[in-house]
Each structure stands twice: as C-alpha cells, then as structure tokens.
Amino acid sequence: MLKIAYSPIYKHSLPVGHRFPMEKYELLPGQLLHEGIVHEENFFEPHPLDEKWILTTHTAEYWNKLKNLSLSKSEIRATGFPLSKELVDREVTILQGSVQAAVFALKYGIAMNIAGGTHHAFADRGEGFCLLNDIAVTANYLLANQLSKKVLVIDLDVHQGNGTASICANNSDIYTFSMHGEKNYPMRKEISNLDCAIPDGTGDELYLSILQTQLEIILKDFSPDFIIYQSGVDVLESDKLGRLSMSIDGVKNRDSMVLNLAKSLQVPIMCCMGGGYSANVAKIVEAHTQVYRLAQDLYF
C-alpha cells in the first residue's frame, strides 16, 4: 500500500498576501482522494518528531532558540515565515512525516510526504521557507538506526538544496545531488556531492537529457540502498520563482525517470514534495498529483 504522511497542521495560517501557497497542503490530499488515486487508509498522521532525532542534524543552540521562539528578527526574516509555536509544531510534525514515510518505504518500496523537502534549513539556521531539514534528518535517522547504509538524495527543486549539502558535506554515507537553476536562489550555493546548475529557460527535452546523464554519473560513484527524492514543482514554466520552462508533462517524465530508477535498482524511495509557486494553485496541485499517480502505477 502507498503510505502518505499528512496532517492538518501542514496547512499553516499565514498573513494575507503571503507568497507561500499553504493551501496546497490541504488541496493535494483532497485531489488524490477525489480522483480515487488513493483512499483514506493510505494516509497516516504523523506526530511531532522526538527532539533527539532533530539533534542528530541541527545544533542544540539553534533548536533551543527555535523551540523557545527566541530567534532574532533577522533570523526570522531569513525563514520567510512569522515565528510561532504553531509553526514550530508544524515543522517538527513534517520531520516525523518524512521519517515515518521512509520507514514505510522500506516495507512497501515507496512512500510519500504531502509536505517536506525543506532543503534550505542548515544545521544552525533556517532559510527560504525551511526551518528544519527533513531530508537530512531522515537520512541521519535511517543511518543511525541501521536501516540504511548509503542514502542518495535526489533534489530536483529549482532551488539548490543548500542546507542539505552543507549538513551532509562530511558524511560519506549520504550522497547529495542537486539539479537547480543556475541563477536562481540561493545566490550563494553550497557544494553538494554533485551539483548541476541549469540556465534560465531550460525546457523539457534539455532538462530530461541532462537529468539522465547526471543520474548515470551518480551510479558510477555511489551505490545507494535508499533514495530520498525532493520532487519540487517550481521547475514549471508557470512558476513565479522558477525561471525554467518545463511543462506539466515534462515534470511527469522527470518524476517517472526517478521512480523508475529506484524501482529498477530495487532501492526504497521516499518522496517529499518541495516547492511550487505557480500563480494558479491548481497547477501546483496537478504537478504534485502526478508523482502519486506514478507511484501507484509503478508499485501497486
């Protein structure tokens, strides 16, 4: 069964006019149910992750400031969200969603988190709508519990996974791959195991060709026994922040390439959704929905 992490806390209230599309976290599970892609029993509701697992990835100083709501104004501004207890509870719940989805993936081959992909969070700070890094926390959880020996992070959000790259830089058991817009946020990039910066305006054909080549390069250097897939849909041409020119079909083919790779390698994969900022939220939801359709078609 395809297991999917979802909690109502994922849709967090933001000030009117805020550019982050929180409504997608409510619309996406609704769309999956409406289309009959999944049923209620596919969903599980995560609880907040125990802080001992947060501290495998984030510094005690940062975590204490975050949970006590004592970040400075500049630190809060860097996250892009007004700081509140409800926001921190949301972030910690998302972490558990990704961790538990990864455990389900070990059993079923694949599992998903309706949220997650918070790849801009560093060990000691938050940035870019990311306060805690669920990708790095999940990878560290798998390794610490001897559920995996070699974790591959495939990050295809349009923005570089800078926080993940930084956190995992000295861990040879985690391989970070980020394929992102060359001139897009963040302006100062970190160093992943493999970075692929692509120019503004890149469309489906070129994107998919580059991706195929990059995946082949990775597998020559690294043999994963678990994959974490950040499947951001801000690569769409319609995205306000993406600057690429991919179609809905192009995103589907991208997701298909990654899921087929995991299936062919017989390596479990956990998918977290990442970013998406198209003006029409229906386009965001449809682009995210595709990866769930693919998961059902390929695995179940």
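This is a predicted model: local features need pLDDT of at least 70, side-chain atom pairs count only at pLDDT 80 or more; totals for chains, interfaces and linings use all residues.
Residues are numbered from 1 along each chain as its sequence is written, and side-chain values use heavy atoms, without hydrogens and water.

H1 spans residues 24–34 and H10 residues 281–299; they pack at about 50°, with axes 9 Å apart. Contact here means heavy atoms within 4.5 Å. On the H1 side, Lys24, Leu27, Leu28, Gln31 and Leu32 take part, meeting Val281, Ile284, Val285, His288, Thr289 and Tyr292 of H10. By class, this contact comprises 7 nonpolar, 3 polar and 1 charged residues.

Turning to the pockets, each is an open set of points on a 1 Å grid, where a 1.4 Å probe fits, with protein on both sides within 12 Å along at least five of seven lines; lining residues have an atom within 4 Å of a point. The largest pocket has a volume of about 360 Å³. Its lining counts 30 residues, with His120, Gly128, Phe129, Cys130 and Tyr277 nearest the centre. Helices H4 (73–79) and H5 (85–108) are the elements giving two or more residues to this lining, which holds 11 nonpolar, 13 polar and 6 charged residues.

The second largest pocket, of about 170 Å³, is lined by 15 residues, and His18, Arg19, Phe20, Pro21 and Glu23 lie nearest its centre. Its lining has 9 nonpolar, 3 polar and 3 charged residues.

Terms used
Axes are lines fitted to C-alpha atoms, for helices over the stretch in contact, and angles run from 0 to 180 degrees between N-to-C directions. Helices (H or I, at least four residues) and strands (E, at least two) are DSSP runs, numbered from the N terminus. Ala, Val, Leu, Ile, Met, Phe, Trp, Tyr, Cys and Pro count as nonpolar, Asp, Glu, Lys and Arg as charged, and the others, Gly among them, as polar. Grid points are joined across faces, edges and corners, and a volume is the space filled by probe spheres set on the points.
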